[in-house]
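The report below follows side-chain pairings within and between chains, taking one residue as its starting point. Please read it alongside the sequence and the coordinates.

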Protein chains: 2
Amino acid sequence: MDSPDVGELTPPNRTLMGPGPSDVHPRVLRAMTTPLVGHLDPSFLDIMDEVQELLRYTFRTDNTWTIPVSGTGSASMEAAYGNLVEPGDTVLVPTNGYFGGRKAEMAERAGGDVVTVDAPWGEPLRPEDVAAAFDEHQPDVFGFVHAETSTGALQPDVPELTAIAHEHDAYVIADVVTSLGGVELRVDEWDIDVAYSAAQKCLSAPPGASPLTLNDRAMNKILDRDQSPRSWYLDLSLLEGYWGDDRSYHHTAPITSVYALREALRLVAEEGIENRWERHRETAGAIKAGVEGMGLELNPEDDYWLPSLNAVRVPAGVTDGEVIDYLLSEYDIEIAGGLGDLSGDIFRIGCMGHSCRPDNVAFLMTAFADALETLGADVDADAGIAAMRDVL
Amino acid sequence: MDSPDVGELTPPNRTLMGPGPSDVHPRVLRAMTTPLVGHLDPSFLDIMDEVQELLRYTFRTDNTWTIPVSGTGSASMEAAYGNLVEPGDTVLVPTNGYFGGRKAEMAERAGGDVVTVDAPWGEPLRPEDVAAAFDEHQPDVFGFVHAETSTGALQPDVPELTAIAHEHDAYVIADVVTSLGGVELRVDEWDIDVAYSAAQKCLSAPPGASPLTLNDRAMNKILDRDQSPRSWYLDLSLLEGYWGDDRSYHHTAPITSVYALREALRLVAEEGIENRWERHRETAGAIKAGVEGMGLELNPEDDYWLPSLNAVRVPAGVTDGEVIDYLLSEYDIEIAGGLGDLSGDIFRIGCMGHSCRPDNVAFLMTAFADALETLGADVDADAGIAAMRDVL
């Protein structure tokens, strides 16, 4: 077997305006060049404390149990479902997007009985439907998606949903993958028991260490389990030994990913979380104005608009795939198409974290206008650019 | 809630001579500053192919199913056990080290019935004991540790062990966490069905993407499962969709960790895998000669010496903890103590990947001699340094 001849790493220089990963800030890339210390080094234990403190700030929570999970976003999702859901628990999940289905998969594998609350793809859950599902099924755990990456729809009324769940003594798991650090989220004030996220969306760190927070109520359910969770790697009662007071070895933490997350979270703290939410609304607002100015429609109603992920309906005259390919090949810009029920119907244009900048928006809208015009869509590109410029 | 005031990342500049992580090569750190492309970008699909090719070279295998798992080493271990072990399978695991116990935990959570084959901590399994355990228990899956990180013992006779298992139609899972890329390992020639490893040992990449290889026989068992594996994140039948021909979305890969692993594996290919094994034997041989020259003993017999992790018995007159603390505080060198049955009895001195260099060995031995003399151990430090210099 000869040595493979693999050359230097020279990927193209993309501008990442899809559903994630987003562009990583140069300071975060630089932090990743920091030589490693051991995962039990006293200096790393201090770094862990700092990351936990920064995560609490970003989640808007005082939860002790606030950690980065050693994997990408789906690992933090499975850590939430795999630990909180016990065999025989009834788990209520939504059907209004791709990531609701993933929750059902994970809850079932954890031994839960899955029931659903329905809404069309691209629309949020209605509190009255959630209340009716609670009355019918009496679930033990209720999972919902705050910011649906697959549809670009924001779930409003979060405190109403958590109140319904808590009136029924249920636990609430919020998917905040595409909101944390970019869209208003208040874990404690909104009474969310468990929330999980990812690094590569509005935090703009590379995927690899994924935020998770649990309040004492949720953690007590986990620590009182009769059976161990089905994953050893993601067992939070064991991870408590490492991230809690003992600092005892469980598994080797992804040290460099923790360095990266720390730097990304420092950028959040320096900007101020509320300023950051406002920046996302304003900057993504220019995308929204621009595409609407061209004559295109956003898929969600304005009340459910998700600044971090703009779902734009594909206009007549083009297919999603040819526009996506054009942007990638002609401009090195990544955007994405729809999934599931919205496959072929929408473009998904992210505006997250360090990707959420006026220069990226101006470049994207210029390229998008060119793609639509060149490929023959019936749009008023000049009006769109003018509308974008008014806001930007 | 005020913004946390967390300063620049400035960890101490350690020399990592413990059980991992090892020092990361500057080229690997630099590769991690490469701006991200999306996990479905055509250019990333090419990078995935390259990483798979490089992993095959390093594992000495032609297995199609050779991928980095999106987590640290324990994630690749759980991917192996959680997928190959089905509920009701009998799983034979060793008791001769800390990581045997972890396999039992994972196999049980996967629904397996665990039986054991015993050897003292620090000694390898004997083929006759494995054969007896097969006759007694008729296990479906046999897991063993090629290089026990907790005891510094190498398992010889691997082809004999795999032959016993295959005569009984069982599957073999090899833990090669502390051997891959540093100690002779031949997955195909030795007839290993599944092998998993980590990035932060002899490959010297930061932990975060962990090598796993499975032959078709093992993969067919997984694809024929009646029940889904209990983890969605680590489900190899779903990961097949991403890493196989379809390249369909499962979860977001840890892109930067894949970049890092690619560069670390390029360094392996440039050096040549057999040269690399030889470098570890020679360079770690200077540690072995040095500590023996001082009058210390290695815990394993010479036949089971593991160059990548040298288990040195703690001499009279000092405790492991005070020596470890002295090296860290006075020299910024990380080594570790024993675990479990060997707790307090051994030092664990790693010599892995980019840490396995003459300059590191000279520095370590100088510091170790100082620590032992200063703290009052009965050693002949000068003789040890001379013996180390003879080999180095």
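## An arginine at the chain boundary

B:Arg109 is placed in helix α4 of chain B, where helices (H or I, at least four residues) and strands (E, at least two) are DSSP runs numbered from the N terminus. With a relative accessible area of 8%, B:Arg109 is buried, a class that means under 20% relative accessible area, as against exposed at over 50% and partly exposed in between, with a 1.4 Å probe and protein chains only. The model is a predicted one, in which local features need pLDDT of at least 70 and side-chain atom pairs count only at pLDDT 80 or more, whereas totals for chains, interfaces and linings use all residues. Residues are numbered from 1 along each chain as its sequence is written, chains are lettered from A and ligands numbered from 1 in the order in which they are written, and side-chain values use heavy atoms, with hydrogens and water left out.

Which residues are in contact with B:Arg109, leaving aside its neighbours within four places in sequence? They are A:Ser228, A:Pro229, A:Arg230, A:Ser231, A:Trp232, A:Asp235, A:Leu238 and B:Arg230, contact meaning heavy atoms within 4.5 Å. The side chain of B:Arg109 also reaches the backbone oxygen of A:Ser231 at 3.2 Å.

## Salt bridges between and within chains

Side chains of opposite charge can pair when their charged atoms come close. Over all chains the search finds 48 salt bridges, each being a side-chain nitrogen of Lys or Arg within 4 Å of a carboxyl oxygen of Asp or Glu. One of them is formed by B:Arg109 with A:Asp235, the closest N and O atoms being 2.7 Å apart. Because B:Arg109 lies in helix α4 (residues 98–109) of chain B and A:Asp235 in the loop between α7 (216–223) and α8 (236–243) of chain A, this pair joins two chains. A:Asp235, at 1% relative accessibility, counts as buried.

Within chain A, A:Lys103 forms a salt bridge with A:Asp175, and the closest N and O atoms are 2.9 Å apart. This pair links distant parts of the chain, since A:Lys103 belongs to helix α4 (residues 98–109) of chain A and A:Asp175 to strand β8 (residues 171–175) of chain A, 72 residues apart. Both A:Lys103 and A:Asp175 are buried. A salt bridge within one helix is that of A:Lys288 and A:Glu292, with closest N and O atoms 3.4 Å apart; both residues lie in helix α10 (residues 273–294) of chain A, four residues apart, about one turn of the helix. A:Lys288 is buried at a relative accessible area of 12%, while A:Glu292, at 34%, counts as partly exposed.

## Aromatic pairs and charges over rings

A pair of aromatic rings is described by the distance of the centres and the angle of the planes. Rings of Phe, Tyr and Trp (its six-membered ring) pair if their centres lie within 6.5 Å, and planes under 30 degrees apart count as stacked, over 60 as edge-to-face and the rest as tilted. By this rule there are 18 aromatic pairs over all chains. Among them is the edge-to-face pair of A:Phe134 and A:Phe142, at 5.8 Å centre to centre and 80° between the planes. A:Phe134 is buried at 0% relative accessibility, and A:Phe142 is buried with a relative accessible area of 0%.

In chain B, the ring centres of B:Phe347 and B:Phe368 are 5.4 Å apart with the planes at 90°, so this pair is edge-to-face. B:Phe347 counts as buried at 0% relative accessibility, and B:Phe368 counts as buried at 0%. Ring pairs also join A:Tyr98, A:Phe99 and B:Tyr249 into a cluster.

A charge sits over a ring if NZ of Lys or CZ of Arg is within 6 Å of the ring centre and within 35 degrees of the ring normal. The charged end of A:Lys221 sits over the ring of A:Tyr171, 5.8 Å from its centre, and B:Lys221 lies over the face of B:Tyr171 at 5.8 Å from the ring centre.

## Relation of the two chains

A rotation of 180° with 0.0 Å of shift along its axis superposes chain A on chain B, with an RMSD of 0.0 Å, the copies being superposed by least squares on the C-alpha atoms of residues with pLDDT of at least 70 in both. That is the relation of a two-fold axis. Of the residues of chain A, A:Gly71 comes closest to the rotation axis, at 2.5 Å (C-alpha). Because 100% of the interface residues of chain A are also interface residues in chain B, the copies meet through the same surface.

Terms used: A polar contact is a pair of N or O atoms within 3.5 Å; within protein, one must be able to donate a hydrogen and the other to accept it, and residues adjacent in sequence count only if both atoms are side-chain atoms.
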